[in-house]
Amino acid sequence: MRRLLPSLAALLVALTACAGDGGGGGSGAQDPIRVGLIVSLTGNYTPLGSEDKKAVELAVEQVNAQGGLLGRRVELITRDDKTAPDQGIVAYNQIKGEIDALIGPVFSNAALAVEPLAQRDRMPYLSLAPAQEQVEPIKSYIFVTPALSSMYAERYLQYIQAEGIRTIAVAWDSKSAYSVSGHESMVELAAEYGVTIAVDEPYETTTSDFSALFQHVRDSQAEALVFWGSGAPGVTAAKQYVASGLETPLFLTGSQASTLWLEPMGKDAEGMIVQSAIGVVGEHLPAGRQKEVIEQMAAPFEQKHGYPPPQFAQDGYSASLLLFEAIRKAGSTDKTKIQQALETMDLITPNGRFRYSPTDHSGLSPEYISINTVRNGAFVPTEWAKEQLAKTVAEAG
C-alpha cells in the first residue's frame, strides 16, 4: 500500500530529513529551491489569484520554518498574469530560466496558454485551473490540482439524481475554458444519471443582465438551475436571481466557494447550493487524516488573514504540498526526477487524496467534492454530502 501523509508536521519532518541535492542541475547545496507562481493579481480573476498566492506563501513559510527542502530554503518567485492568456505567457518567459518548478495559473485560459511552453521546457507544472483540456490527453510534465470541471459536473449530477430531480437548466460562460468544459461534461453525462437539460444557455463573462436566462428557466420544466461561472458573473447572476423571484433552486459551482462570493452576497446567499473542495468544509468532517491535513492549513491561514481559507487557497496549498513531496521523493531539483515523482504520488492534501499516475495527471475523484448549503453565512454540507464525505474520509484512513 502506498504511504499516506498523516499530517503536515510529518511531511515537514520528512522533508528536512533529506540532505543534499543529488542532481539539481548544478545548483549548490545552499542555493534556494526556486518555485515559480503565476496567478492573477490584477484583472477579473484577482480575487482568485490573490487567495492562491496567500496559501502558497503560507506553505513556503511553513516548510522553511522546518529547515526547507533537501537542506535548502524554498524561494517563491511570483508573477501576475493579469487574467490574460498572453500575459501568462509573458510571465512564464520571464521566470522559466530561474525556477525549478511552476505552480499556477488559476485562470483556465491562461493556464492553457502556459501549458505547451512548460511541456516544451520539461518544467514540472502544477496547474491551479480545473479545465479538462490540460490533462486530456496527458502531457508528461503537466499536472492539475483542483478537481476537474468534469468532476464537478458529475458530482452535481450524483446529487441531482439523489434528490430526485429529473429536469434542469444549465447556464455557462462561453468565454471561460472552465465553464465550457464543465458544461460539456454535464451535457455528456446527464443521460447517464437520468437527467434532461431543458434550458441550455450560454452567456459571456461581461454579461451584466441575466433576466432573459431567468425568464427562460421560469418558462421551462427545470427543477434546478446549474450556473457555471467564475469571478464577477457568479455574484451578479446570484443577486439578480434573488431579485427575480425565481423559485427554481440555484446551484453554483466551486468558483463561488469563497468569502469573496459570500460577503458581497450577504443574506441573499442563504439557502443557495454551492459546490466546494472537501477542505472548505473540513470542520464538518469526522476525525481522520483528511481532517488533520485540512486543519493544519486552516488554522494558521485564518489566524493570519482573519477568515477561513476559500476554495482557491485550498488549491494553492495542495499544489505546494504535492510539489514539496515530489522534490523530497526525487531527492533532487532535477526536473525529470520531480516529474517522475509526481507520477507516483499518493498524498492527502486539503483538496483530498491525490493519486497521480502516468495515465492520470488530475489525481482526484469526484468523491472529494462537497455539495453545500449556505447557512448563517457559511458553507455547510447537505445531509447527502455529509454521508458521502464520511465514507470518503473513512476509506482514506
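## Charges and surface

Let's start with charge: the chain carries 31 positive and 46 negative side chains, and the centres of these two sets sit 7 Å apart. Keep in mind that what you're looking at is a predicted model.

As for the surface, the chain exposes about 14400 Å², with carbon and sulfur atoms supplying 50% of that area.

## Overall build

Count up the secondary structure and you get 13 helices and 14 strands in the chain. The radius of gyration is 20 Å, close to the 21 Å that the globule rule gives for 397 residues, so the chain is as compact as a globular protein of that length.

On the inside, buried residues account for 59% of the 397 residues. Looking at contacts between residues at least 6 apart in sequence, 70% of them join residues at least 24 apart.

## The annotated domain

UniProt, in an unreviewed entry, lists residues 32-366 as "domain: Leucine-binding protein".

## A look at Thr259

Now zoom in on one residue. Thr259 belongs to helix α9, which covers residues 259-265. Is Thr259 buried or exposed? Its relative accessibility is 17%, and buried means under 20%, so Thr259 counts as buried.

Leaving aside residues up to four places away in sequence, Thr259 touches Pro264, Tyr307 and Pro310.

Definitions and conventions: Residues are numbered from 1 along each chain as its sequence is written. This is a predicted model: local features need pLDDT of at least 70, side-chain atom pairs count only at pLDDT 80 or more; totals for chains, interfaces and linings use all residues. Side-chain values use heavy atoms; hydrogens and water are left out. UniProt positions are given in the numbering used here, feature names are shortened, and annotations may be inferred rather than shown by experiment. Helices (H or I, at least four residues) and strands (E, at least two) are DSSP runs, numbered from the N terminus. The radius of gyration is taken over C-alpha atoms; the globule rule is 2.2 Å times the number of residues to the power 0.38. Buried means under 20% relative accessible area, exposed over 50%, partly exposed in between (1.4 Å probe, protein chains only). Contact means heavy atoms within 4.5 Å. Accessible areas come from the Shrake-Rupley method with a 1.4 Å probe; for residues, only the protein chains shown count as cover. Lys and Arg count as positive and Asp and Glu as negative; His and the chain ends are not counted. The place of a charge is taken as NZ of Lys, CZ of Arg, CG of Asp or CD of Glu.
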